[in-house]
Amino acid sequence: MSNTNNATNQIGLEKTDMSEVIAQLNNLLSTYHVFYLNVRGYHWNVKGEHFFTLHPKFEELYTSLQLQIDEIAERILTLGGTPLHAYSDFAQHTSISEDKNVKDGTSCVKGVVTGLQALIAEQRQVSALAGESDDQGTADLVDEYVQEQEKLVWMYNAFLG
């Protein structure tokens, strides 16, 4: 079945409603990329007594982020948009900052918590907008991420004491 209505995208959602959802998803995609790079840096550079605990946890986290990045980009494509894919674009559209040369385990974990909190806040906004646009697929996608990340915030904060 082909889409014959030029006002809707390939999954039957109004194109005009989806432009803002796509824009917010691209912002989210940018935040994910910057956070992913931060976590890779924590993984590579963490030192100290908690190295053997944190090094594999950071790898687990960035591997999960990599999958989520791909799912977000594919959702943008599904909605009829084009995912951002240049670091210069990511730098302009992210809600977090780069966290360079962090080596201390506690500082790395604080960076993870800050990044996760930013993702959660941004995803709640995307979910609300998607809901207003009858885009249940996007809302479900980011709501699942929020649920997982809220638990991670609790766990990393437990590490911090």
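Guide: Here is a short tour by question and answer.

Guide: Keep in mind that this is a predicted model.

Visitor: Fine. How many helices and strands does the protein chain have?

Guide: Five helices and zero strands. From the N terminus on, the order is α-α-α-α-α.

Visitor: What box do the C-alpha atoms fill?
Guide: Roughly 60 × 30 × 25 Å, taken along the principal axes.

Visitor: And how much of the chain counts as buried?
Guide: Of its 161 residues, 44%.

Visitor: What about contacts between residues at least 6 apart in sequence: what share join residues at least 24 apart?
Guide: That share is 79%.

Visitor: Let's pick a helix. Where is H5, and how many residues has it?
Guide: H5 covers residues 136–160, which is 25 residues. From first C-alpha to last, H5 reaches 36 Å. That is close to the 36 Å expected at 1.5 Å a residue.

Visitor: Which residues of H5 are buried?
Guide: Thr138, Ala139, Leu141, Val142, Tyr145, Val146, Gln149, Val153 and Tyr156.

Visitor: What covers them?
Guide: The cover includes helix H1 (15–45), helix H2 (51–78) and helix H4 (105–132).

Visitor: Take H2, then. At what angle do the axes of H2 and H5 cross?
Guide: Roughly 165°, and the axes come within 12 Å. An angle over 145 degrees counts as roughly antiparallel, so H2 is roughly antiparallel to H5. The crossing of H2 and H5 is left-handed.

Visitor: Which residues meet there?
Guide: On the H2 side, Leu54, Lys57, Phe58, Leu61, Gln68, Glu71, Ile72 and Arg75. On the H5 side, Gly137, Thr138, Leu141, Tyr145, Glu148, Gln149, Leu152, Tyr156 and Phe159. By type, the residues of this contact divide into nine nonpolar, four polar and four charged.

Visitor: Now H4. How far apart are the axes of H4 and H5?
Guide: They are 9 Å apart, and the two helices pack at an angle of about 155°. That angle makes H4 roughly antiparallel to H5 as well. The crossing of H4 and H5 is left-handed. The residues of the contact divide into 17 nonpolar, seven polar and four charged.

Visitor: What span should H4 have at 1.5 Å a residue?
Guide: With 28 residues, H4 should span 40 Å. The end C-alpha atoms of H4 are 41 Å apart, so the two agree.

Visitor: How far is the C-alpha atom of Glu132 from that of Phe159?
Guide: The separation is 37 Å. Along the chain, the pair is 27 residues apart.

Visitor: What follows H4?
Guide: Asp134 follows H4, and its phi is positive, near 60°. Asp134 is in the loop between H4 and H5.

Visitor: Is Asp134 buried or exposed?
Guide: Asp134 counts as exposed, at 65% relative accessibility.

Visitor: What about Asn101? What is its phi?
Guide: Asn101 has a positive phi of about 55°, although it is not a glycine. Asn101 lies in the loop between helix H3 (87–93) and H4. At 65% relative accessibility, Asn101 counts as exposed.

Visitor: And just after H5, which residue takes a positive phi?
Guide: Gly161, at about 85°.

Visitor: One last thing. I like histidines. Where does His33 lie?
Guide: In helix H1.

Visitor: Buried or exposed, that His33?
Guide: His33 is buried, with a relative accessible area of 18%. The cut-off for buried is under 20%, so His33 falls below it.

Visitor: What does His33 touch?
Guide: Ile69 and Phe90, not counting residues up to four places away in sequence.

Visitor: Great, that's what I needed.

Conventions. Residues are numbered from 1 along each chain as its sequence is written. This is a predicted model: local features need pLDDT of at least 70, side-chain atom pairs count only at pLDDT 80 or more; totals for chains, interfaces and linings use all residues. Side-chain values use heavy atoms; hydrogens and water are left out. Helices (H or I, at least four residues) and strands (E, at least two) are DSSP runs, numbered from the N terminus. The expected span of a helix is 1.5 Å times one less than its number of residues. Buried means under 20% relative accessible area, exposed over 50%, partly exposed in between (1.4 Å probe, protein chains only). Contact means heavy atoms within 4.5 Å. Axes are lines fitted to C-alpha atoms, for helices over the stretch in contact, and angles run from 0 to 180 degrees between N-to-C directions. Angles under 35 degrees count as roughly parallel, over 145 as roughly antiparallel, 65 to 115 as roughly perpendicular and the rest as oblique. A crossing is left-handed if the near helix is turned anticlockwise from the far one by less than a right angle, and right-handed if clockwise. Ala, Val, Leu, Ile, Met, Phe, Trp, Tyr, Cys and Pro count as nonpolar, Asp, Glu, Lys and Arg as charged, and the others, Gly among them, as polar.
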